[in-house]
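Please look over the backbone of this model with me. My points follow in numbered form.

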Amino acid sequence: MARFPYEDRFPVNRRLPERGRPREEVVAELRAMATEEDAFWETGKCSGTMYCGDHEHYRFLTEAFGLFAHVNVLQRDMCPSATKFEAEIIAMALDLMHAEAVTDTEPAGLVTTGGTGSILHAVLAYRDHAAATRGVRQPNLVKPETAHPAFDKACHLFGVEARTAPVDPDTTTVAVDALAELVDDQTIALVGSAGNYPYGTIDPIAELGELALERGVGLHVDACLGGFILPFGEELGVPGIPPFDFRVPGVTTISADTHKYGYALKGSSTLLFRDKALRNAQYFFVPGWSGGKYMSPGIEGSRSGGLLASTWAAMVSLGREGYRRYARQIFDTAAEMMAAVRSHPELRILGRPTFCFSFTSDEFDIYHVNDFMRERGWRFNGQQYPNAIHMAVTRPQTRPGVTEAFATDLADAVRYALEHKDETPFTGAIYGGVEGGLTAEAEELIRSVMEDMLDKQMRVPS
Ligand SMILES: Cc1ncc(COP(=O)(O)O)c(C=O)c1O
């Protein structure tokens, strides 16, 4: 068993301590861990995850969080501020997604705990709405292969069949004709991404919208990743960003994560509905409970007011001007990093991405590049089918010197990969795919390795 984190430096709590420790000591321990762990991404060498990376901004959000951290927003009579924050977060997100284009229904939204939370709520709403309005009893959801696994998780949890359409390998966006063949009278919704996680590319949302309208089903646009950056890219004239929001006929819901490019604290996202009736389909009521009449707007019960307050604070403190400024820096940085990739004929960028890109090689296993770059402190996300490495450009990469370091390290990594092309890359065994797909035995083996990895993360100290 791997050593327990920090066991050589700080006490390991195997049981609730009998006597409490002084607060200063506890905070000092927390600060030591946080400072060291932050140093990992502060270099700017880490893909995604730390979208803002600005400690002053984090301090401000933490102050906003702290004022309402202890408040339970389920008890709205005690905290009208929660209604203000939630309503305004939703209004601002609806505005960004051009809900003004909706004239025949009343747009609405939910604030959830993250991208997965928004996707779960969307699938639940579609399932219950389709059951109530169309009598759908064996629901299915039709999604591109690149759609985030949160859709599979939602289908698993809510008894919905997940149907997966292939993507065009050149564009890395969904093949709409192939997707159309999977739609039937039990389909509750289609899915498209703006942009998808693996390649950062945007599915043909207009075509999906036409299909959704033709077949009388919903269309969820997963803009968890792109929702708070692509609209500003469009305003800035960045090429390759077609409309993907409520301006597109047929789009019925959109997930857009405030805790990614919305620069809010972790634990918040928005789910936006063209029609309030669809949102209300997943409201939950137990009028006959002995504890009183129970209702909740979504899956969660008690929620912290801190998340609403800090998300609201992030949005109103940055404003459109702040988001646009950060977006400009990120798109420019991504373009520079992609130019460095394109300068190597051995490397190939997948599709036509804008702020998040992935690349592969037809000459060697790209995980050789990953192996080398890891030694230089870079942390990419590993992909498969084809093996590729992925970089979601965030604000830490916009710092001086980071793109230059990327270009230098990448050039050295390509040389290393050419020299070692006949060997098996180390990281490929962990992240890479197996040609021709997985046999049932291989899938079982990988599941057991993954279970072991999760057990190591979730263990109790021995
Ligand atoms: C496109 C997309 N959708 C959904 C998600 C899931 O978001 P979360 O990890 O916040 O649950 C992600 C996460 O990266 C994503 O990139």
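1. G195 sits in the loop that runs between strand 4 (187-193) and helix 7 (205-215). Helices (H or I, at least four residues) and strands (E, at least two) are DSSP runs, numbered from the N terminus. A cis peptide bond links A194 to G195, with omega about -15 degrees.

2. This is a predicted model, in which local features need pLDDT of at least 70, side-chain atom pairs count only at pLDDT 80 or more, and totals for chains, interfaces and linings use all residues. Residues are numbered from 1 along each chain as its sequence is written, and side-chain values use heavy atoms, with hydrogens and water left out.

3. Another cis peptide bond joins Y385 and P386, where omega is about 0 degrees. P386 belongs to the loop between strand 12 (381-383) and strand 13 (388-392). Most peptide bonds are trans, and most residues other than glycine have a negative phi.

4. H98 has a positive phi, near 55 degrees, and is found in the loop between helix 3 and strand 1 (108-112). Its relative accessibility is 24%, so H98 counts as partly exposed (buried means under 20% relative accessible area, exposed over 50%, partly exposed in between; 1.4 Å probe, protein chains only).

5. Y263 also has a positive phi, near 60 degrees. Its loop lies between strand 6 (253-256) and strand 7 (269-273). Is Y263 buried or exposed? At 2% relative accessibility, Y263 counts as buried.
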